[in-house]
Structures are given as C-alpha cells and as structure tokens.
Amino acid sequence: MNSAPPPQSAAPPVYDWEGFGFDTRQVHAGEYPDRNSGLRVPPIALSAGYLFDDFDDQVSRFDGSIHWRADEHAGHGEAGGFSPSEHAPIYSRQGNPTNWVAEERLASLEGGTVSVAVASGQAAISAALFALAQQGDHIVSTGSIYGGTRILFGRSFKRFGIEFDYVWDAENDAEWERAIRPDTKAIYTETIPNPRNDITDLRRIAEVAARYNLPVVVDNTVGTPALIRPFEHGCHIVVHSTTKFLTGHGAAVGGAVVDGGTFDWEAAERAGRSYPLVTQSSRPGVAPMLERFGRGAYARAVRESVVNDIGPTLSPFHGFLLHQGMETLSLRMERHVESSLRIATWLEEQPEVESVDYAGLPSNPLHGLAVRDYGADAAGRGRTGSVFGVTVRGGIDGARAFVNGLRVFSRMTGIGDTRSMVLHPLTSTHGTFAPEVNGRLGITPGLLRLSVGLESADDLIRDLRGALDAVRAL
Ligand SMILES: Cc1ncc(COP(=O)(O)O)c(C=O)c1O
C-alpha cells in the first residue's frame, strides 16, 4: 500500500527583488500578489480614494505618523496581497497601487531608492526641479538637450523666477566656473541628447557637481536603464519621459522622477546651498523629509510637496501600460540598438548622405566615450541607443524629398517606440530657437532625426534607400 506523501509547504514567492538580474527585475520588481483574486498581472486600480480603517487611521495618514511603504522601497510584504493600510495612501493624486508597481520597478532598474510616476516627461522634469529650486534660484544645464525642455526652461521656469545658464563644453572648467553661482541649485543634463546623439560624459559632470555640492539631474529617456544607469556614474536624480522606450509602444504619455538616494543634502546645506523641501519641516510638529525618509527623502518631497500640490498625476491606466512595457525593456533595447548600428553604418556609406550623428560609430568623435559608457558590439561600435541624426545632401529640399520618400518610417514627432519615425528638427522641435542656438546645436536644414523601431532592419534599409533615391533625383 502506498503511503501518503509527507505534507510539504511551498516555497514562498520572492517579495524583494534586490540582488536579482536586470531581466528578472524588469519582469517582477514592484509586483504584488493579489491573494484575494489570484490575479497574476497587477491590475489597474481605478479608485480616486482609499478607505480609512477608522477615525484614528485617518488622523495618522494625514499627520504623517504612518506612511506609505512604497516610499521606503520596502517591497510588498511577506503577508502578500495589497492592503491599503499597509501603504497608508490618502488619495490617488499622490499615488496609486498600479503606479506603485511601475515606480518600484523603475527605481529597481535605475538602481535608485524611490521613484514617482507623473503624467508626462515634461511634468517629471518640472517636478524634479521644482523640488530643488524656487523663485530667485538658478540651474545650470548642458547645452544639448531636448528642444521642449529648453522651451520649458526659457518660458515657464523663467516666469516662475528660476533662471538657467547653459554650458556647451562640459570639459571646460572655465565654462562651469562662469555658469555656477551661489544660488545655483542643480546641474541638469541628458544621457543621449537628440537629434544629434551627442552623448554626455556623466562622470565628468558628476565630478564638477561634487566640487560645488550640487545634485545632478539626468534625463535618461533616450538612454534607458537598459543601456546606461546614471547613478552608477555619480549622478543623483533621474527623470524620464516614460512615453518613449519604457512604456515602449507609443500609446501612453507619462513620466517619472527617480531618487538615487546618494546626494548629501546636509553637506550641501553646510556649503550654503539650501533645499528646504528636503531638509526643513513643512508643518509644525512634523520632522523634515530627510529625517523621516532618509535616502528616499527627495522623492517624498517631489511626491508630497510638488506633485500633490500641482497635480500632474499619472493615470493608473497609463501606469499599467508602463509597468507592463518595462517587462520587455532590455529585449527591445537590444533590437533597437542592433538595427540602429546596422542602419547608421549603412547610411554613412550612401552618396546622398553628408553625415550621420551616431556616437557609437568609429568615425564619431565621441566613439571612445560611447564604448566606455554604453559598451560595444562585436564590431567595436558603441551602443548609444536608437535616436540619431542623418544629414542628407540638398539642404531643406533634400530633407523634404527624403521625408516624403519614406513609407515605413512614420512622419511624426515622437521617439522610442516600436515604430520607426522621422522628423525635421529645424522646422519642428527647434523651430523657435535663435539661429545661434541652432548653429551651436548643429541643427541644419538637411538634418533629419530618425528613431529606429523594431521592424525588420532589411525593410527599414529598403525604405531609406527609396527616400535617398528621391534625394538623388532632385
Ligand atoms: C529627452 C526627452 N525628455 C523629455 C521629453 C518630454 O516628454 P513628454 O512628451 O512625455 O512630456 C521628451 C519628449 O520628446 C524627450 O525626448
């Protein structure tokens, strides 16, 4: 007679994904098992508000004596199942369980402590900088940044009394010396600026920032944590337009701010740079964010003192698309880069092409930096993403013929999704800038921005060949 097998309890699932590989974390980090329904995929939690257990629970949520576990990067607990009181939320303008999955996943992929999801990339940049600077303050940015960000700095930030200066040559100490002032509160930069793919030396900028006790805020939209993680290069805060590679399919506008947890706010205060939202109490009887939340204090200030006030909240529907999109990030980036390298190399050889701006190509002056920071493929080319410039012969007429000749590439503003896209920067993103600014940025009449998608590279090359035939026929 067979005896019954001894009772065996199943191994508990993993709740804390720290220490696992990138590909594992992009699938799992931030997920919470729903023990009530058994749902495997974190659902879309559509609720504007949350139940309070009783009178005292409401009091403690509002007075800050209990706070959200999601903000502590603490995982979702061995007990399993989402329990509102475990997170102590108040209202979805500040956060939402669907968005917490995306936030924890992104913080894990970037190697940061806490992230805050918001409604767009522009909202992320604004929230990140409003938490650092106020009227009368100043920020230094590198010169080559996304056109919309330059407009945001020169228009809305200016109206709020926050000024910007630009450094064009990050290698040049004298430029930094001239730009940084006693009231400077941050250095702003991007990993892979578009359209020229003129990558930034983050380590160099982090060195300058350390000298002046300044936090470095990096837009990693085009790089993504699959290719580069700015915290590993000494930077302190990362912002994203999640509209692009992170959500990945071109369907949802979104953004995020990630706190690296490494900036020494107290040392900055001692050096005369004050960050009141992080280091000072905002309400009588409530300790400063830094005291309460330590390495996640800045993100908490972004969430509570900026996003909750101004209200650029991410819809949970878009939060769902974001956490689902990130599940395949590294696989997509692999293909984006592989196709881009093939196409950029091919374009360089075509007679109708004057130049290709892809930092990873051996012909590019930034090739050494590209390989150091982004790694190389088997042919020694640096893996600097999939958004780059190509300049065709014939100036504006050449550009028009090229754009009109494309059939697979979509003519649209946008980068970083499954589709390949083309845009003429001089008459779009950079259309309002002074000629000197466009001159410095290398935005010329014949320059086109390409964002290489996930279609077959053979088909994309055939499409580009057709468009170059139209240029040749001019
Ligand atoms: C590098 C970069 N940062 C920020 C943004 C703004 O993002 P969003 O359109 O999500 O507001 C963009 C948009 O193209 C971008 O390319």
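This report covers the domains, the ligand shell and one leucine of a predicted model.

## Domains and their contact

The protein chain is assigned two domains: domain 1 spans 58-326 and domain 2 spans 329-472. Their C-alpha centres are 29 Å apart. Domain 1 puts 27 residues into the contact, and domain 2 puts in 33 residues.

On the side of domain 1 that touches domain 2, helix H6 (residues 147-159) gives the most, with three residues. By class, that side of domain 1 holds twelve nonpolar, eleven polar and four charged residues.

## Ligand shell

The ligand is surrounded by 15 residues. The closest are Ser120, Gly121, Gln122, Ser241 and Thr243. Two elements, helix H5 (121-130) and H6, each give two or more residues to this shell.

The shell divides into nine polar, four nonpolar and two charged residues.

## Leucine 406

Leucine 406 sits in a loop. Leucine 406 counts as buried because it has 21 C-beta neighbours inside 10 Å, and the cut-off for buried is 20 or more.

Leaving out residues up to four places away in sequence, leucine 406 touches Arg411, Val422, Asp463 and Ala467. Alanine 359 lies 47 residues from leucine 406 in sequence. In space, the two are 24 Å apart, C-alpha to C-alpha.

Technical notes
Residues numbered from 1 in each chain as written. Predicted model: local features only at pLDDT ≥ 70, side-chain atom pairs only at ≥ 80, totals over all residues. Domains from an automatic or database assignment. Contact = placed C-beta atoms within 7 Å. Helix = DSSP H or I, 4+ residues; strand = E, 2+ residues; numbered from the N terminus. Nonpolar A, V, L, I, M, F, W, Y, C, P; charged D, E, K, R; others polar. Buried ≥ 20, exposed ≤ 12 C-beta atoms within 10 Å, placed from the backbone. Near = placed C-beta within 6 Å.
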